[in-house]
Every structure is written in C-alpha cells, then in structure tokens.
Amino acid sequence: MSPILTIDVAHPPRKPDAVEEELLNAWSRVRNSSSLRILKIIHGHGSSGKGGSTKETVRNWAFRNTTRFRAVIEGEQYSLYNAATQELRKEVGDYDDPDLRQANSGITIIWIR
C-alpha cells in the first residue's frame, strides 16, 4: 500500500477557501491514518506556466501550517538529491511515485507528522 494520499485541487478550479478546506480535510485524513504519511497536492502550473493562484494558495497554506508537517517539498525540488526527500524515503521507506525526479512545479509534497 502506498503511503501517499494524492489530491487534485486544480481540477475543477476552486476558490481559495474551498482549496484550504480540502487541504485541511486531506491533512486530517493522513494524520489519522496508520498507513498514509505523505500528502501529494496537485495544484497545477497556472495558465502562465509559472504558477497560478491555486499553487499560491496551497504553498501559502503549507507555510502557515508548517508546524503540522515534517517537511514541505516543492515539486521543483522533489528528487532523490533533495535532503528532505532523502530523509522522508529513509523513514517512510521506498515507494513508487512517477513525479519523483520530474521537477514538477505543478505539485507540492507534504510529509505529515
């Protein structure tokens, strides 16, 4: 069983408060699970390709709630060369994730305490 809960808050587009509510619900689900440890959030790149309001909402929410997490890894940094990713995989164990090594700016990985 995968330790990752993946949620897509970009499709269909939502207002920031609805995105934050979904993030809080997903965080609670992972925190209360015996097998889930990672929240993978698909927020998209935005129409400009540089990040949109949903990405901003997700990353701002993660920053405001940082004490609830072991680590927040931006998709651009999510690789085997990233120290937080290495620590996460050492503690959680190896898992299959196609976004690992992809430098995907459309996702954010959150390691839940």
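A residue is counted as buried when its relative accessible area is under 20% and as exposed when that area is over 50%. By this criterion Ile-110, with a relative accessible area of 0%, is buried in the structure described here, which is a predicted model.

Strands of a sheet pair through backbone hydrogen bonds, and the pairing may be either parallel or antiparallel. In this model β1 runs parallel to strand β2, which spans residues 38-42, and the two are joined over five bridges; within this pair, Ile-7 has Ile-41 of β2 as its bridge partner. The pairing of β2 with β4 is antiparallel and also extends over five bridges, and here Ile-41 has Thr-108 of β4 as its bridge partner.

Strand β4 is largely enclosed by the rest of the structure, because six of its six residues are buried. In a regular strand the side chains alternate between the two faces of the sheet. In β4, Ile-107, Ile-109 and Trp-111 point one way, whereas Thr-108, Ile-110 and Ile-112 point the other way, and all of them are buried. Leaving aside residues up to four places away in sequence, Ile-110 touches Arg-37, Ile-38, Leu-39, Ile-41, Trp-61, Ala-62, Phe-69, Ala-71 and Val-72. Ile-110 and Trp-27 are separated by 83 residues in sequence, yet their C-alpha atoms lie 8.9 Å apart in space.

Within α3, Thr-85 is buried, with a relative accessible area of 1%. Apart from residues up to four places away in sequence, Thr-85 touches Ile-73, Gln-77, Tyr-78, Ser-79 and Leu-100.

The packing of helices on one another was examined next. Two packed helices are described by the angle between their axes and the distance between the axes. Helix α1, residues 16-31, packs with α2 at an angle of about 50°, and the axes of the two helices are 10 Å apart. The two helices are therefore oblique to each other, and their crossing is right-handed. On the side of α1 the contact is made by Pro-16, Val-19, Glu-20, Leu-23, Leu-24 and Trp-27, and on the side of α2 by Thr-54, Thr-57, Val-58, Trp-61 and Arg-64. The residues of this contact between α1 and α2 comprise seven nonpolar, two polar and two charged ones. Trp-61, which takes part in this contact, is also among the residues touched by Ile-110.

Some backbone features in the loops remain to be described. Most residues other than glycine have a negative phi, and most peptide bonds are trans. The peptide bond from His-11 to Pro-12, however, is cis, with omega near -10°, and Pro-12 is located in the loop between β1 and α1. In the loop between α3 and β4, Arg-101 has a phi near 80°, a positive value in a residue other than glycine. Arg-101 counts as exposed because its relative accessibility is 56%. Ala-103 is also found in the loop between α3 and β4, and Ala-103 likewise has a positive phi, of about 50°, although it is not a glycine.

Technical notes:
Residues numbered from 1 in each chain as written. Predicted model: local features only at pLDDT ≥ 70, side-chain atom pairs only at ≥ 80, totals over all residues. Heavy atoms only, no water. Pairing = 2+ DSSP bridges. Helix = DSSP H or I, 4+ residues; strand = E, 2+ residues; numbered from the N terminus. Buried < 20%, exposed > 50% of the residue type's maximum accessible area, 1.4 Å probe, protein only. Contact = heavy atoms within 4.5 Å. Axes fitted to C-alpha atoms, helices over the stretch in contact; angles between N-to-C directions. Parallel < 35°, antiparallel > 145°, perpendicular 65-115°, else oblique. Left-handed = near helix turned anticlockwise from the far one by under 90°. Nonpolar A, V, L, I, M, F, W, Y, C, P; charged D, E, K, R; others polar.
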